[in-house]
Amino acid sequence: MAPKHDRHTISDLYQMQSLPLELKVRMTERRIRDWVEYWGEDGVYISFSGGKDSTVLLDICRRLYPNLVAVYSDTGLEFPEIREFVKTKENVVWVKPELTFRKVIEKCGYPCISKEQAEWIHRIRLGQKNTHDIQKYFYGIRTNGQPSRFKISERWKFMLNAPFEIGAGCCNEMKKKPIAKYAKQTGRVPIIGTMASESSLRTSNWLRYGCNAFDNKKAVSAPLSFWTDADIWEYIHTYNIPYCKVYDMGYVRTGCIFCMFGVHLDSEPNRFQRLQKTHPQLWRYCMKPWDKGGLGMREVLEYMGVPYENYMLEDEENV
């Protein structure tokens, strides 16, 4: 029988986030042991992206269970430095999507603004004649007259008229499907490196299930849930853990290079302005017009009003 989880409150989360690193490590280790003892070493896998969070997760897991398998989703959209870093780790299974990113854009639209906003725009544009969808996602009113949180922001309603497709299906096609296929074929369940502080959805999942979601429809362990970004870096420096050098280039996030989710919230130089300097060939490819073999992102970013070039990193030029 799976261990029972006592429901947490948001105060519990704040209290746990304030604990010292040493205590957090011990608590995380206990949750990993509970997970592995329940499913068995052959019944779990570590979700490893090559980023700093999953690097810390991999280190803690393998200090306890050196032979645990890790799985890396090789979408083809990662920084080259990430891919090289992943290659330095042993016992990592690489899985790949069935579609290229260009095919995914054709199928799902461009990933921009946020997953939620892109999804609502996609649904309205897909079913302009569906008055229910328009009422819910445009006006934010349910069929019973109650307000709905599933609403396009006033700021982004102009994107309904964009001359390109918009959608949130990219992550599902490029990452989730290959991982789900692996999990189905092997019967393994994941240990992931997400933290509750990263989003309201992850916070609500932690409040409901705790770190080890035994009773969720899809069993998943997130033993770093009560950590913070500062904890991750403290662990890396305290235990002298090698990490991907792309962070030393000024990048805060190391997900898919061409993802536009949240780019409007980036401080300048934003991810694309920085990409122009650090990886100019990749930058040219993503900005190149679609009909010339590129990804056509210049048009998307211009339509959104997001800068993407001509930012000189003067301090870095002098290094």
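Predicted model: local features only at pLDDT ≥ 70, side-chain atom pairs only at ≥ 80, totals over all residues.

Trainee: Noted. How many helices and strands does the protein have?

Mentor: The secondary structure comes to 14 helices and eight strands.

Trainee: And what share of the residues is buried?

Mentor: Buried residues make up 48% of the 319 residues in the protein. As for contacts between residues at least 6 apart in sequence, 70% of them join residues at least 24 apart.

Trainee: Which residues touch the most other members in the largest nonpolar core?

Mentor: That core has 85 residues, and the ones touching the most other members are Phe-101, Trp-227, Phe-272 and Met-297. Helix 2, residues 21-39, gives the most to this core, with six residues.

Trainee: Let's pick Met-297. What is Met-297 in contact with?

Mentor: Leaving aside neighbours within four places in sequence, Met-297 is in contact with Phe-101, Tyr-110, Phe-258, Met-260, Phe-272, Cys-286 and Met-287.

Trainee: OK, helices now. At what angle do helix 1 and helix 9 cross?

Mentor: Roughly 105 degrees, with the axes of helix 1 (residues 10-17) and helix 9 (residues 200-209) coming within 10 Å. That makes helix 1 roughly perpendicular to helix 9.

Trainee: Which residues meet there?

Mentor: From helix 1 you have Ile-10, Asp-12, Leu-13 and Met-16, and they meet Thr-203, Trp-206 and Leu-207 in helix 9. By class, the residues of this contact divide into five nonpolar, one polar and one charged.

Trainee: What about helix 5 and helix 8, are they perpendicular or oblique to each other?

Mentor: Their axes cross at roughly 135 degrees and come within 8 Å. Angles from 65 to 115 degrees count as roughly perpendicular and those over 145 as roughly antiparallel, so helix 5 and helix 8 are oblique to each other. For orientation, helix 5 is residues 101-108 and helix 8 is residues 170-186.

Trainee: And who makes that contact?

Mentor: Helix 5 brings Phe-101, Val-104, Lys-107 and Cys-108, while helix 8 brings Cys-170, Glu-173, Met-174 and Lys-177. The contact of helix 5 with helix 8 has five nonpolar, no polar and three charged residues.

Trainee: Switching to strands. How many bridges join strand 1 to strand 5?

Mentor: Three bridges, and strand 1 (residues 44-47) and strand 5 (residues 189-191) run parallel. In that pairing, Ile-46 stands opposite Ile-191 in strand 5. Strand 1 is also joined to strand 2 (residues 70-73) by two bridges, and these two run parallel. There, Ser-47 stands opposite Val-71 in strand 2.

Trainee: Which residues of strand 2 lie on each side?

Mentor: Ala-70 and Tyr-72 are on one side, Val-71 and Ser-73 on the other. All four are buried, and both faces of strand 2 are covered. In general, side chains in a regular strand alternate between the two faces of the sheet.

Trainee: Now a loop residue. Is Leu-224 buried or exposed?

Mentor: Leu-224 has 0% relative accessibility, so it counts as buried. Its place is in the loop between strand 7 (220-221) and helix 10 (229-238).

Trainee: What does Leu-224 touch?

Mentor: Not counting residues up to four places away in sequence, Leu-224 touches Thr-28, Asp-53, Leu-57, Ile-60, Gly-193, Thr-194, Met-195 and Ile-232. The C-alpha atoms of Leu-224 and Ser-54 are separated by 9.5 Å, though the two are 170 residues apart along the chain.

Trainee: And where does Glu-165 sit?

Mentor: Glu-165 is in the loop between helix 7 (131-138) and helix 8. Its relative accessible area is 47%, so Glu-165 is partly exposed. Glu-165 touches Gly-109, Tyr-110 and Arg-125, again not counting residues up to four places away in sequence.

How values were computed: Residues numbered from 1 in each chain as written. Heavy atoms only, no water. Core = buried A, V, L, I, M, F, W, Y, C linked by side-chain atoms within 4.5 Å. Buried < 20%, exposed > 50% of the residue type's maximum accessible area, 1.4 Å probe, protein only. Contact = heavy atoms within 4.5 Å. Axes fitted to C-alpha atoms, helices over the stretch in contact; angles between N-to-C directions. Parallel < 35°, antiparallel > 145°, perpendicular 65-115°, else oblique. Nonpolar A, V, L, I, M, F, W, Y, C, P; charged D, E, K, R; others polar. Pairing = 2+ DSSP bridges.
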